[in-house]
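The following report describes the fold and selected local features of a single protein chain. The sequence and structure are shown first.

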Amino acid sequence: MRIEVDQKKCTGCGNCLEVCPKGYRIWKKNSEGKAEVKDLTFCHVCTLCASECRADAIKIVRDADEKKEKELKQENL
């Protein structure tokens with residue numbers, strides 16, 4: 001599992017960090033003040049960050065889902 005933050009969409013509001021149960025353990029702000037993932041070790045994949053992002057800049061990618069997508073694409077070729 002990974003969390004992707006679209007830096008072009010991110011406004012730096014900090015809402016993801018505030019709604020996250022583990023906040024500063026998972027999130028940090030980069031030099032531009034935008035959200036960045038610091039450490040996913042503490043993440044329980046609650047998806048609050050993505051659902052509360054007003055800019056729709058956060059995407060949760062589950063490795064199993066990604067693997068299935070690749071398999072389906074190959075089957076459809």
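## Overall architecture

Of the 77 residues of the chain, 27% count as buried, where buried means under 20% relative accessible area, exposed over 50%, and partly exposed in between (1.4 Å probe, protein chains only). The model is predicted, so that local features need pLDDT of at least 70 and side-chain atom pairs count only at pLDDT 80 or more, while totals for chains, interfaces and linings use all residues. Residues are numbered from 1 along each chain as its sequence is written, and side-chain values use heavy atoms, with hydrogens and water left out.

Four helices and four strands make up the secondary structure; helices (H or I, at least four residues) and strands (E, at least two) are DSSP runs, numbered from the N terminus. Their order along the sequence is β-α-α-β-β-α-β-α. Among the contacts in the chain with a separation of 6 or more, 51% are between residues 24 or more positions apart, a contact being heavy atoms within 4.5 Å. The chain exposes about 5600 Å², of which carbon and sulfur atoms supply 48%; this area comes from the Shrake-Rupley method with a 1.4 Å probe, and for residues only the protein chains shown count as cover.

Strand S1 covers residues 2-5, and its side chains alternate. S1 runs antiparallel to strand S4 (residues 58-61), and four bridges join the two; strands pair if DSSP finds at least two bridges between them. Arg2 has Val61 as its bridge partner in S4.

Asn15 belongs to helix H1, residues 15-19, and at 11% relative accessibility it counts as buried. Leaving aside neighbours within four places in sequence, Asn15 is in contact with Glu52 and Arg54. Glu52 lies in helix H3 and is partly exposed, at 37% relative accessibility. With residues up to four places away in sequence not counted, Glu52 touches Asn15 and Val19. Glu52 and Val19 are 33 residues apart in sequence, yet their C-alpha atoms are 7.5 Å apart in space.

## Loop residues

Asn30 is placed in the loop between strand S2 (27-29) and S3. This residue is buried, with a relative accessible area of 17%. Its side chain makes a polar contact of 3.0 Å with the side chain of Gln7; a polar contact is a pair of N or O atoms within 3.5 Å, in which, within protein, one must be able to donate a hydrogen and the other to accept it, and residues adjacent in sequence count only if both atoms are side-chain atoms. Beyond its neighbours within four places in sequence, Asn30 is in contact with Gln7 and Glu36.

Which loop holds Val45? Val45 sits between strand S3 (35-37) and helix H3 (48-52), and Thr47 also lies in the loop between S3 and H3. Each has a positive phi in a residue other than glycine. The table lists their values.

| Residue | Phi | Relative accessible area |
|---|---|---|
| Val45 | near 55 degrees | 26%, partly exposed |
| Thr47 | near 65 degrees | 28%, partly exposed |
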